[in-house]
Amino acid sequence: MDGRRYSIVLVEDNEGDTRLVDEMLVDTGLEHDLYWFKDAPSFERFFSEGGRADLVLIDLNVPGTSVHDLISTIKRRAGEVDAPIVAYTGSSSPEDMVRLREEGVERYLVKPMGLEEMEKTSAVLRELLLDEKVTADRS
Amino acid sequence: MASPTVRWRPIEHRVAGVTGKMMGKCIGLSDQILERIDDGIFVLDRDWRFIYLNKRAASIFGKDPRDFLGKTIWETNPELLGTPMEAACRSAMERGEASNFEMKGADADIWFEIAVTPMSSGIMVHGRDITERHEEVRALRERETRYRGLFENLHEGVSVSRYILDEWGEVTDWELIDANTWIERLLERRRCSLIGMRVSQLYGDHGIPDALLSAVREMRRTNSSVSIESYRDPLVDKDFHVSFLPQSDGSFYVLTIDVTRLKNAQSRAEEDRARLQAILDSTPVAMGITDINGGVLLDNGALSKIWCGDLSLKNVRDYSKCRAWWPESGEPVRPEEWPAAQALKGRTSTETFDIEKFDGTRGALIVSASPIRDQGGAIIGAAWTVQDVSDIKRTEEELKRSNADLQQYAYVASHDLQEPLRMVMGHLELLMKRHGDDIGPDAADYISSAIEGAKRMRHLIDDLLAYSRIESKGEGMTLVDLNEVVSNALSNLQASIEEAGGQVDIEPLPTVHADGAQMLQVFQNIIGNAIKFRGQDPPRVTVSVRRRSGSWLFCVKDNGIGIDLKHQDDLFKMFHRLHGSDKYPGTGIGLAISKKIVERHGGRIWFESQPGKGTTFFFTVRG
């Protein structure tokens with residue numbers, strides 16, 4: 001524990017998923033603040049108003065915003081934001097992964113189902129926060 | 001024969017052109033005549049001596065007239081001894097009997113008509129060369145024999161008849177003068193009973209067929225031959241071709257040819273043609289041929305039905321009347337792109353086009369054409385078929401759409417089902433984790449059951465997703481070494497095989513054109529089932545393969561609990577289970593997925609089994 005306080009930004013329309021992300025972050029054992037945005041514009045506003053983050057998780061199925069717009073947002077912000085931006089997806093289908101990669105999304109995290117997966121995901125989040133170079137993976 | 005009208009005295013030395021002694025004017029004249037005529041004449045006295053011989057007679061004997069002077073005929077012409085000539089001469093000389101006969105000359109090619117006439121002082125012999133006449137008669141006889149032979153042996157009927165006219169000079173009947181054996185056989189009557197018979201008698205109650213009567217009348221009126229192509233004779237019940245040929249002497253020939261077989265063959269051919277036409281007319285497939293310019297020469301009429309309007313196609317340019325598009329590109333079909341036009345360039349082709357019919361409706365056609373060539377191989381036209389596949393295509397498209405819809409539905413459903421499930425599972429498990437100790441054992445039980453239910457639900461969703469992905473996903477077909485595939489399947493199943501103490505024997509397997517990941521699923525599902533549904537004994541599984549007409553037949557045989565054959569169809573349905581999940585875990589998707597994969601590979605899957613005696617799963621893969 002280095003006493004540092006981590007800032008995590010989550011773009012997610014589902015409150016339940018948000019709570020589960022929070023629980024997983026608690027399980028990382030790291031001090032953190034979770035900033036939750038329900039859509040892309042409010043998330044962009046956060047950055048334009050000088051907000052900062054150590055990790056950005058974006059659910060691609062946000063109502064009112066197309067996957068393509070979200071991805072271009074991620075790419076544009078990736079240059080400005082000094083933090084890994086990770087697609088947070090409910091899909092586990094391989095072709096969805098392939099599509100994300102074709103769209104240029106390097107990192108993604110599959111939303112965990114059940115406690116066992118949550119524990120694994122929590123470990124990944126911890127590593128992402130501690131070492132930005134770790135590539136997020138669905139495992 | 002001409003006998004001499006002048007009597008002459010016997011003069012020893014009167015031999016033609018030798019003495020020149022004239023015995024009076026009269027004699028002198030007859031001498032001149034005798035010397036000039038072309039008949040040979042000589043006179044013998046009672047001692048057989050020549051007392052007269054004209055030039056022609058000497059030349060017939062081939063000697064000089066002087067050689068005969070004072071000689072007997074037997075001295076000059078001993079070759080005549082023993083011939084009819086000697087007999088005739090002796091009979092005239094001794095008994096005064098004249099005779100006439102024909103005789104061949106010394107030169108075998110000449111015939112003479114000889115007349116021997118007794119005279120008071122001896123005999124006169126007169127010979128006329130009849131070779132020419134003789135030849136003519138012989139030739140006539142030969143010709144007659146030849147024609148008679150032809151007449152009798154013809155395979156057609158020939159008869160000669162004579163008109164019978166009424167008081168106004170109109171032909172009412174005719175009478176047979178002659179008929180050949182063919183006619184005899186046809187009418188089953190002897191010629192002698194036929195000759196002199198009238199045709200009206202022959203036909204009796206039938207009466208003379210009108211066709212014959214009017215033909216004979218026409219022949220007589222026009223004095224030229226008349227033919228009846230074909231008529232059915234009521235007497236013998238056969239079809240004949242009959243020709244009437246007028247003769248100058250008031251008779252006429254009738255040539256009769258039996259065409260019954262020909263007619264029968266013709267009517268059979270016509271029946272066949274009518275039948276074929278009926279088939280052609282009733283088929284919905286349009287077919288026909290074009291000329292070298294692409295103009296439609298002949299078609300079965302279906303083309304206008306297909307297009308809902310009349311097409312008048314005189315050449316390839318006219319094909320632009322048919323509005324059609326290439327299905328893939330949507331480009332209009334140009335006139336020269338129609339298969340019939342391609343066929344005129346020697347190409348045989350079959351295409352499917354989208355079309356707009358003349359009534360504005362959309363449709364689809366399968367159009368085929370191939371060149372027609374003459375005996376020299378030159379293209380003279382095209383043969384084509386056009387099939388309206390609008391309905392088939394519509395159904396196909398609807399099916400495709402509904403399949404895609406279903407797949408999309410299954411995919412979306414499983415995706416969207418994941419989210420609430422994630423909520424249920426995540427929060428229930430969190431609840432247990434964070435507050436499990438506070439809520440009491442009953443509540444903990446309830447929550448555990450709920451979590452179990454959610455987990456099963458998750459498996460179902462995962463399986464549904466996997467099933468819906470079979471068509472869409474897949475690495476595509478490549479060459480796959482099934483030995484590798486099966487060994488991967490076994491290593492995935494290693495834990496359960498070891499736990500069951502099982503053994504799996506694998507025969508060497510082929511390399512096939514397939515989707516490797518999907519093949520892995522099939523083998524893993526079937527071998528996994530064989531391990532899972534085991535009996536009392538440790539599971540023993542054999543994987544073998546056989547070659548069977550264009551495909552590989554794989555067999556996975558086990559010694560497990562077996563399956564009642566009544567489940568043959570149900571077993572492969574989605575989520576169909578024969579056992580409770582407490583006894584044998586699983587959602588029941590494995591065989592449904594396997595079936596879908598096998599079918600995607602152009603194969604079939606089935607099983608043979610008896611409860612308690614193990615099961616053998618079979619499936620085929622093309623290649």
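Two residues are in contact if their C-beta atoms, placed from the backbone, lie within 7 Å. Helices (H or I, at least four residues) and strands (E, at least two) are DSSP runs numbered from the N terminus.

The model is predicted: local features need pLDDT of at least 70, side-chain atom pairs count only at pLDDT 80 or more, and totals for chains, interfaces and linings use all residues. Residues are numbered from 1 along each chain as its sequence is written, and chains are lettered from A and ligands numbered from 1 in the order in which they are written.

**Exercise 1.** Describe helix α15 (residues 482-500) of chain B: where does it bend, and which of its residues are buried?

*Solution.*
- Step 1: α15(B) bends by about 60° at L493(B); the bend is the angle between axes fitted to the seven residues ending at a residue and the seven starting there.
- Step 2: Its buried residues (20 or more other C-beta atoms within 10 Å of their own) are L482(B), V485(B), V486(B), A489(B), L493(B) and I497(B).
- Step 3: These buried residues pack against β17 (478-481), β18 (503-506), β19 (511-514), α16 (516-532) and β20 (540-548) of chain B.
- Step 4: After α15(B) comes G501(B), with a positive phi near 65°.

**Exercise 2.** Find which element gives the largest share of the side of chain B that touches chain A, then describe that element.

*Solution.*
- Step 1: In chain B, 16 residues are in contact with 13 residues of chain A.
- Step 2: α13 (390-435) and α14 (441-472) of chain B are the elements giving two or more residues to this side.
- Step 3: The largest share, twelve residues, comes from α13(B).
- Step 4: α13(B) has 46 residues and reaches 66 Å from its first C-alpha to its last, close to the 68 Å expected at 1.5 Å a residue; the expected span is 1.5 Å times one less than the number of residues.
- Step 5: α13(B) bends by about 25° at P420(B).
- Step 6: The buried residues of α13(B) include S414(B), Q418(B) and R422(B).

**Exercise 3.** In what order do the five strands of the open sheet in chain B stand, and why is one side of β2 and of β3 left without a neighbour?

*Solution.*
- Step 1: The order is β2-β1-β5-β4-β3 (chain B), with antiparallel pairing; two strands pair if DSSP finds at least two bridges between them.
- Step 2: β2 (50-53) and β3 (99-104) of chain B are at the edges with a single partner strand each, so one side of each has no neighbour in the sheet.
- Step 3: Three bridges join β1 (residues 40-45) of chain B to β2(B), and L44(B) stands opposite F50(B) in β2(B).

Notes:
A residue is buried if 20 or more other C-beta atoms lie within 10 Å of its own, exposed if 12 or fewer, and partly exposed in between; C-beta atoms are placed from the backbone.
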